[in-house]
Amino acid sequence: MRSVKLSSSRDRSRHWPARLGYALLLSPFLLWGIFALWWGSWPRGACLTLLSVYAAAHCAIILLAPVRRVLPFCLAAFLVPLASFLLMQPSNDRNWQPDVARTPYAEISGDRLVVHDVRNNVYRSETDYTPAYETRTYDLSKLKGVDVMLTDWGLKYIAHTMVSFAFEGDDYLCFSIETRKETGESYSAVRGFFRQYELIYIAGDERDLVRLRTDFRKGENVYLYRMRFASPDDARRVLLGYLERINRLHEHPQWYNALTENCMTSAFRLARRETSEKRKWHWSIILNGFADRHAYENKRIDTSLPFDELKRLSLINERALAAGDGPDFSRKIREGLPGMSQ
């Protein structure tokens, strides 16, 4: 009896390193599952019950299950939060904040483009504004360029990306890919990974989308660059890609994802799909605070100046403040910027 007991004790001692290894290896699954159930789409009580059961089962499996079965049993338990996550459905019918209450959509007939629900809010402060949506008409044959804006708020590695299409006559159509928040909801980077926000492509006037960041929000810097394309038709195809996307989202909502479906990754996929020059994935698509440097190194923005000088000149906050909300706002923020004549 004593020898059997000693053997059992030795077995348990031998298995603890393996169990510790499994605990470390599977901890990302446990954390992901906890977050997925905490913000699940089912009733709150059901989600909390499932969360408790899942966390307890995961820990019990690691501590008590035969070592050779720990991995398959934990993966089987992980199907509970995974199913909850995958069953969550996006919607266009929620109590939205006024600044994302409408999704834009477009109608195209030949070169005539009509965009509905172009946002042009009137701001008194970041949170005090009068919502305004307009229907605007553009001539696709007069498209002359594409500009990209990177907005940082003190984080070196991350920026918000906006793309603006320039038409003759200083007419611009700007797109900002964002989270569509409900009334009372705020943005959380962690929640952005767990299907907590729908995706929206805001089509807006630059006096709205740019001035909101330069005039009314604190600590945000906006940099403006003119993009270079290998083919003159690329700009038109990219714009058509955006229009196709807003029409699809207008009818079929989609989840925002902080990593895979955000302002930069979505814009890059559109550019990659629609342009004749095949663009490779690069780490600056994720750490998009470096996207302008990567574009400079690949000659996709102006290279007539050293990059640091180009970036200094491309900061448009003071220009935007001076331009105010006048009808020539877009022209004034671009006057004298490197590469704008391209």
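This is a dialogue on reading the features of a predicted model.

User: What should I know about the model before reading it?

Analyst: The model is predicted: local features need pLDDT of at least 70, side-chain atom pairs count only at pLDDT 80 or more, and totals for chains, interfaces and linings use all residues. Residues are numbered from 1 along each chain as its sequence is written, and side-chain values use heavy atoms, with hydrogens and water left out.

User: How many helices and strands does the protein have?

Analyst: Helices (H or I, at least four residues) and strands (E, at least two) are DSSP runs, numbered from the N terminus. Here there are 11 helices and 10 strands.

User: What is the radius of gyration of the protein, against that of a compact globule?

Analyst: The radius is taken over C-alpha atoms, and the globule rule is 2.2 Å times the number of residues to the power 0.38. For 342 residues a compact globule would be near 20 Å, whereas the protein has 25 Å. Its C-alpha trace spans about 95 × 45 × 40 Å along the principal axes.

User: Is alanine 203 buried or exposed?

Analyst: Buried means under 20% relative accessible area, exposed over 50%, and partly exposed in between (1.4 Å probe, protein chains only). Alanine 203 counts as buried because its relative accessibility is 1%. This alanine is in strand β9 (residues 198-204). Of the 342 residues of the protein, 48% count as buried.

User: Which residues does alanine 203 touch?

Analyst: Contact means heavy atoms within 4.5 Å. Not counting residues up to four places away in sequence, alanine 203 touches Pro104, Val115, Asp117, Val118, Arg119, Leu173, Cys174 and Phe175. Alanine 203 and arginine 119 are 84 residues apart in sequence, yet their C-alpha atoms are 6.2 Å apart.

User: Which residues have the most contacts inside the largest nonpolar core?

Analyst: A nonpolar core is a set of buried Ala, Val, Leu, Ile, Met, Phe, Trp, Tyr and Cys residues joined through side-chain atoms within 4.5 Å. The largest has 36 residues, and Val115, Phe165, Leu173, Phe175, Leu239 and Tyr242 have the most contacts inside it. Among the elements that each supply at least two residues of this core are β2 (112-119), β9 and α6 (232-251). Helix α6 gives the most, with 7 residues. A second, separate core of 18 residues includes Met162, Ile202, Val210 and Ile333.

User: Why does asparagine 317 count as buried?

Analyst: Asparagine 317 counts as buried because its relative accessibility is 11%. The residue lies in helix α10 (residues 317-323). Leaving out residues up to four places away in sequence, asparagine 317 touches Thr214, Glu220, Asn221 and Val222.
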